[in-house]
Amino acid sequence: NLSACQSDLFAGLEGNFDCVFAADVLYEEGNAAKLPAAIARLWNGRGLCLVCDPGRNVEAFEVGLRAHGLHYNRSQVDGLQGQGLAYVCDLWRIER
């Protein structure tokens with residue numbers, strides 16, 4: 001089963017989700033610092049958690065991940081490869 005929700009992640013949304021995906025969400029440093037707490041609260045750790053963003057506020061995000069006991073592997077991907085546009089994103093695969 002697949003379900004999606006649209007809500008303010010930082011307003012206390014609760015859940016027990018197998019998969020959490022977020023993209024283009026680290027544009028404000030405050031968001032980058034708050035997102036790890038939301039991930040820790042919403043993701044049950046059984047499935048997949050991916051975050052993709054074009055390299056903004058990386059340090060605040062990674063500090064927050066470590067503070068919440070979340071481990072990660074960060075890689076760079078070319079989201080528009082072969083389309084004549086330079087758009088490289090950081091992709092975090094997060095683990096408990």
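Four strands form an open sheet of mixed pairing, in the order β1-β2-β4-β3. β1 (20-23) and β3 (71-78) each have a single partner strand and stand at the edges, so one side of each is left without a neighbour in the sheet. From one strand to the next the twist averages 15°. The model is predicted.

**Overall layout**

- The chain contains 2 helices and 4 strands, and along the sequence these follow the pattern β-α-β-α-β-β.
- Of the 96 residues in the chain, 28% are buried.
- Taking contacts between residues at least 6 apart in sequence, 71% join residues at least 24 apart.
- The chain has an accessible surface of about 6,100 Å², and carbon and sulfur atoms account for 49% of that surface.

- β1 and β2 run parallel and are joined by 4 bridges; Ala22 has Val51 in β2 as its bridge partner.
- Val20 and Ala22 make up the covered face of β1, while Phe21 and Ala23 make up the uncovered one.
- Together with helix α1 (residues 29-42), β1 and β2 make a right-handed β-α-β unit.

- β3 runs antiparallel to β4 (residues 88-95), and 8 bridges join the two strands.
- Within this pairing, Val77 stands opposite Cys89 in β4.
- Helix α2 (residues 58-67) lies across β2 (49-53), β3 and β4, and runs at about 5° to β4.

**Salt bridges**

- Side chains of opposite charge can pair when their charged atoms come close.
- The count of salt bridges comes to 5.
- One of them joins the side chains of Asp18 and Arg46, at 3.3 Å from N to O. This pair links distant parts of the chain, with Asp18 in the segment before β1 and Arg46 in the loop between α1 and β2, 28 residues apart.
- Asp18 counts as partly exposed because its relative accessibility is 39%, whereas Arg46, at 63%, counts as exposed.
- Asp24 forms a salt bridge with Arg56, with the closest N and O atoms 2.3 Å apart. Here too distant parts of the chain are linked: Asp24 is in the loop between β1 and α1, Arg56 is in the loop between β2 and α2, and the two are 32 residues apart.
- Asp24 has 41% relative accessibility and therefore counts as partly exposed; Arg56, at 27%, also counts as partly exposed.
- Arg56 meets Asp53 in a salt bridge as well, at 2.9 Å from N to O. Asp53 has a relative accessible area of 0%, so this residue is buried.
- Through shared partners, the salt bridges join Asp24, Asp53 and Arg56 into one network.

Methods: Residues numbered from 1 in each chain as written. Predicted model: local features only at pLDDT ≥ 70, side-chain atom pairs only at ≥ 80, totals over all residues. Heavy atoms only, no water. Pairing = 2+ DSSP bridges. Axes fitted to C-alpha atoms, helices over the stretch in contact; angles between N-to-C directions. Contact = heavy atoms within 4.5 Å. Buried < 20%, exposed > 50% of the residue type's maximum accessible area, 1.4 Å probe, protein only. Areas by Shrake-Rupley, 256 points an atom, 1.4 Å probe, with all protein chains shown as cover. Right-handed = clockwise from strand over helix to strand, strands pointing away. Salt bridge = Lys/Arg side-chain N within 4 Å of Asp/Glu carboxyl O.
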